[in-house]
Amino acid sequence: MSKPEMNWAAINADPRFQALHRKKSGFLWGLMIFAVIAYFLLPIGAAYFQDLFRVKVWGPVNLGIVFALCEFVVAWSIAGVYAKRANRDFDAMAAEIIRDAHNIK
Amino acid sequence: MNLKLIGGAAALAVASSLAFAGTGAVADEFKWMTFAVFGAIIALTMYITYWAARQTHTTSEFYAAGRSVTGVQNGWAIAGDYLSAASFLGIAGLISLYGYDGFMYSVGWLVAYITVLLVIAEPCRNIGKYTLGDILAFRNNPRASKTVAALSTITVSTFYLTAQMVGGGVLIKTLIGIDYTVSVIGVGILMMAYVVFGGMKATTWVQIVKAVLLVTASLVLVLFTWGQYGFSLPSFLQAVVTDAKVQAQVAKLIGDAATNMTAEEMGQRFLEPGLFLKNPIDQISLGMALVLGTAGLPHILMRFFTVPTAQEARKSVIWAMSIIGGFYVLTLFLGMGAAINVGPAVIAGMDKGGNMAAPMLAQFVGGGPESILGNLFLAFVAAVAFATIVAVVAGLVLAAASAMAHDIYVGVIKGDHASPREQVVAARVASVIVGILAIYVGIAAEGQNVAHLVGMAFAVAASSNLPAVFLTLYWKRCSTAGVVAGMLVGSITAIALVMVSPNMTYPQAVLKEARKVLEGEPAQPAKEATPAVKASSLACELFALEGCVKAEPAHPAAAATDAKPGAAEKLARLNEKLAGLTDADEIAAVRKGIADTEKAKAKAEADLAKFEGQTTSMVGLEKPWFLLKNPGLISIPLGFLCVIVFSLLVRDKRSEAMWGELYVRQNTGIHAEGATAH
């Protein structure tokens, strides 16, 4: 497989690549921070808000169990949101840059 | 040639498992069933290895299955690689013994994949080749970064591997009574056969088979246990709350606090936090190590080099998250189901850590210890546990071998000038070396406390690999010096903190416990309730420092207790009682009491003999200096900090010059290593 020389600095500076970089990093950081906060609320809640976790909401099912189950839903949702966005936007933006990569000098 | 050798290894493994069957959870008359299922699984994986071996000739085929694995396949393989016996049997066990806390513990293992998905999988696929070292060497000095990356990979894999080998040996012994050494050697030979002959392709398919078996077994068990409550969560949990065995377990766990509670309240307590995990800071520290460490585990990273594109890498994480998350939701039902059907006391009697919860639930669901179906179910779950161990171990061996052969031998020693043939030979030789080492370590570590090794592997991965990979991928100013310093400091800190943590064995505490069992305890006067004491500062919660006030939870008032007799006196009393009994049930209960006391006495005597005269732990401490079980809270920030500070202090022309190329390539996939043509 021959690999033609690319002007990486030029691609990096290309407005289309910069747009991809901005959109992607903003989105990823947002999701990552949300995920971390959501996750650490569980041990913090279980340690310092036990009275809240004890509240029964559905028969013997208490808020603690509901919250722990929600963590699964949150994790899956984040994965779904990211995949949808990446499949729709980021892949297309990257594909355009790849198509044009040889001409960016 | 390969076929013969593979056949030989399989025959040896089956023969050795048949020859050394002793006692275990499976009764002798049903053992043939277990061996039949084991044999079927071994035969299937050996066929896979034979098939894979015929297609594994080049380096890319050996390390990365020719990058021909699809996203869905890789997702299953990741699940197979990640759901170790510790999570399959361990978490179900924790839930069966401690309820809510066990379930809460499982959440971090799934959330960890968000980090993998968002920041690691696709960039690594786009710029990586076979190893962690390849990613770091892309812009940093190749020799230096490959050396530290290989060291770190081998360290993390060895910790994980040792825990798996020892855990696997004990597990097989508890389940079917095969001698510990024999099972370690059997597991070792099998996984070496997969890796050496079939490389990544065989490893991938063994992991897929294992994941499918694991999910099937769990689904069947949940179908039976939850199904009888009409798949209603409240009805199922109501059964847990009202179960006498669960209530008794809670009473045992909370001790004096149980005196003023109704039976129903105690049952409900099982669904509330705080029965197992007592220290929230330790929890957060462990959470950090899980969430950041998974993305730095070499055997998980390696899986992303097997798919053809970044899109497939993404798809594989999504699939892995569905399977892993779905499995952990099922563990809630497996664990709670085992608690109500088998009972926490019986489970803990079989294995203190609760590892037998899922197998015993399987036996119960099939009709109990005397029934054919019950034992078939047990045999199946035991075989799944066995498949789990070999699949996880194979992935680890491949990761460690690739670091040795590809990073150290080809990259550092040969300066990347090795012929394709030489590379494949090096990879196979390294796999054999790692495999033999794993067997040796497994046998040498028999009876050692290895539970902390998995936590340590995650902590090292999170404090060393992740900061280096993350900052190399995303931070323009990251340099070779930063990566080397960060990885060394991060991993050494993590290991050093564990060496002085409560995970180690402290002879004085062991001796005190042993004497308590043998000599009994004096009577205690009534105690007044004491309020919770806060540690005098955060540092005091983390380290045993001079002048610190230690944190204490609130204690409710306790009534005076009588003196407890020593083991010998207790045995004499029980025997005396036994002589006067006529009721069959009572006799059985007392007999069990005698057996338990004898077991405790033997253990205490063994501990006494082992530690008599010793006063300090391995590193010379009388008691822990670092108070958390997991070092992540300190070592992870320190790892990141060192990469940043040393990158800023020592600049590196290549690291800067390559940044543009790395960043463009990791985002677009231009020039990514492609699939090899067949």
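Predicted model: local features only at pLDDT ≥ 70, side-chain atom pairs only at ≥ 80, totals over all residues.
**View 1. Chain B as a whole is built from helices, with 28 of them and zero strands.** The radius of gyration of chain B is 26 Å, close to the 26 Å that the globule rule gives for 678 residues, so chain B is as compact as a globular protein of that length. Taken along the principal axes, the C-alpha atoms fill a box of roughly 80 × 60 × 50 Å. If you are wondering about the interior, 55% of the 678 residues count as buried. Contacts also reach across the sequence: among those between residues at least 6 apart, 82% join residues at least 24 apart.

**View 2. Here helix H9 (residues 180-227) of chain B packs with helix H19 (residues 420-444) of chain B.** Their axes lie 9 Å apart, at an angle of about 165°. An angle over 145 degrees counts as roughly antiparallel, which is why H9(B) is described as roughly antiparallel to H19(B). The crossing of the pair is right-handed.

View 3. Leaving aside residues up to four places away in sequence, B:Tyr180 touches B:Gly169, B:Val170, B:Lys173 and B:Glu446. Look also for B:Ile443, 263 residues from B:Tyr180 along the chain, where the two C-alpha atoms are separated by 8.1 Å.

**View 4. Chain B meets chain A here, with 42 residues of chain B in contact with 47 residues of chain A.** On the chain B side, at least two residues each come from helix H6 (100-127), helix H10 (233-241), helix H13 (280-293), helix H15 (310-341) and helix H28 (659-668). H6(B) gives the most to this side, with 11 residues. By class, the chain B residues that touch chain A divide into 25 nonpolar, 14 polar and three charged.

Key:
Residues numbered from 1 in each chain as written. Chains lettered and ligands numbered in written order. Axes fitted to C-alpha atoms, helices over the stretch in contact; angles between N-to-C directions. Helix = DSSP H or I, 4+ residues; strand = E, 2+ residues; numbered from the N terminus. Parallel < 35°, antiparallel > 145°, perpendicular 65-115°, else oblique. Left-handed = near helix turned anticlockwise from the far one by under 90°. Rg over C-alpha atoms; globule rule 2.2 N^0.38 Å. Buried ≥ 20, exposed ≤ 12 C-beta atoms within 10 Å, placed from the backbone. Contact = placed C-beta atoms within 7 Å. Nonpolar A, V, L, I, M, F, W, Y, C, P; charged D, E, K, R; others polar.
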